[in-house]
Amino acid sequence: IIFSVHILPFLFVTMSGHSDLNEHVELQGLECLNERPADSIAKIFPPSGGLLQSDTDAQLLMNIPFKQAVKVHSIVFTSPADGRRPNRVKLFVNNRVMDFGVAEETAGTQEAKLAWTPHGDGKATATVNTRFVKFQDVRNICIFVCDNLEDAPTSAISSISFIGSPLEGLNINDLKSCSGCPNCPKP
């Protein structure tokens with residue numbers, strides 16, 4: 001069952017309580033290894049709108065933290081409709097894997113070969129439907145782009161959208177100190 005229907009590259013109609021989770025991405029905590037120096041992983045998240053390209057080869061290793069725990073139903077990749085589109089990705093949940101050797105040798109929470117759908121705007125999208133039971137309490141996702149479609153020298157990603165729902169409850173960023181509470185330390 002697919003819970004999100006892709007209409008335009010950045011517009012999703014969601015059902016069954018799932019929505020775009022990108023507002024929950026902690027932009028200041030984003031990290032990416034092998035990104036082209038002129039690029040930044042932040043460019044692929046709203047409101048920026050840009051392109052993330054690898055530098056020395058086709059691999060990218062991205063760490064994407066969330067402001068609060070989320071349930072991730074699917075991940076939608078958008079890329080230029082050329083050979084720089086990622087081919088295979090490994091997803092690591094709540095495991096900040098920021099070493100290419102470890103990412104290559106370790107089994108991910110989920111691995112996927114991307115099936116791309118081209119659009120008339122020169123871009124293409126691919127959706128990874130997660131093994132939902134393994135993506136229930138996600139605080140960060142590392143995405144390892146293993147290779148690209150046509151062995152191009154670099155890989156390129158226009159956007160990544162996480163579809164799912166925030167876990168109800170505590171958002172760490174909303175915590176404030178209190179005074180007068182017998183269970184809290186004095187400020």
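1. Helices (H or I, at least four residues) and strands (E, at least two) are DSSP runs, numbered from the N terminus. Read from the N terminus, the order of elements is β-β-β-β-β-β-β-α-β-β-β-β-β-β.

2. The model is predicted: local features need pLDDT of at least 70, side-chain atom pairs count only at pLDDT 80 or more, and totals for chains, interfaces and linings use all residues. Residues are numbered from 1 along each chain as its sequence is written, and side-chain values use heavy atoms, with hydrogens and water left out.

3. Of the 187 residues in the chain, 47% are buried. Here buried means under 20% relative accessible area, exposed means over 50%, and partly exposed is in between (1.4 Å probe, protein chains only). The accessible surface is about 9500 Å², and carbon and sulfur atoms hold 53% of that surface. These areas come from the Shrake-Rupley method with a 1.4 Å probe; for residues, only the protein chains shown count as cover.

4. A contact is a pair of heavy atoms within 4.5 Å. Among contacts with a separation of 6 or more, 74% are between residues 24 or more positions apart. Glycine 29, in the loop between strand S3 (19-20) and strand S4 (31-33), touches Asn63 and Pro65 once neighbours within four places in sequence are set aside. Glycine 29 counts as partly exposed because its relative accessibility is 25%.

5. How many salt bridges does a search of the whole structure find? The search finds five, a salt bridge being a side-chain nitrogen of Lys or Arg within 4 Å of a carboxyl oxygen of Asp or Glu. One of them joins glutamate 31 to arginine 96, with the closest N and O atoms 2.6 Å apart. This pair links distant parts of the chain, since glutamate 31 is in strand S4 and arginine 96 is in the loop between S7 and H1, 65 residues apart. Glutamate 31 has a relative accessible area of 27%, so glutamate 31 is partly exposed.

6. Arginine 88 and aspartate 147 form another salt bridge, 3.1 Å from N to O. The two residues are 59 residues apart, arginine 88 in strand S7 and aspartate 147 in strand S11, and link distant parts of the chain. Arginine 88 is partly exposed at 39%, whereas aspartate 147 is buried at 18%. Lysine 43 and aspartate 39 also pair, at 3.3 Å from N to O. Lysine 43 is partly exposed at 29%, and aspartate 39 is buried at 10%.

7. Most residues other than glycine have a negative phi. Asparagine 94 lies in the loop between strand S7 (86-93) and helix H1 (100-105) and is partly exposed at 39%. Aspartate 151 sits in the loop between strand S11 (138-148) and strand S12 (156-157); with a relative accessible area of 69%, aspartate 151 is exposed.
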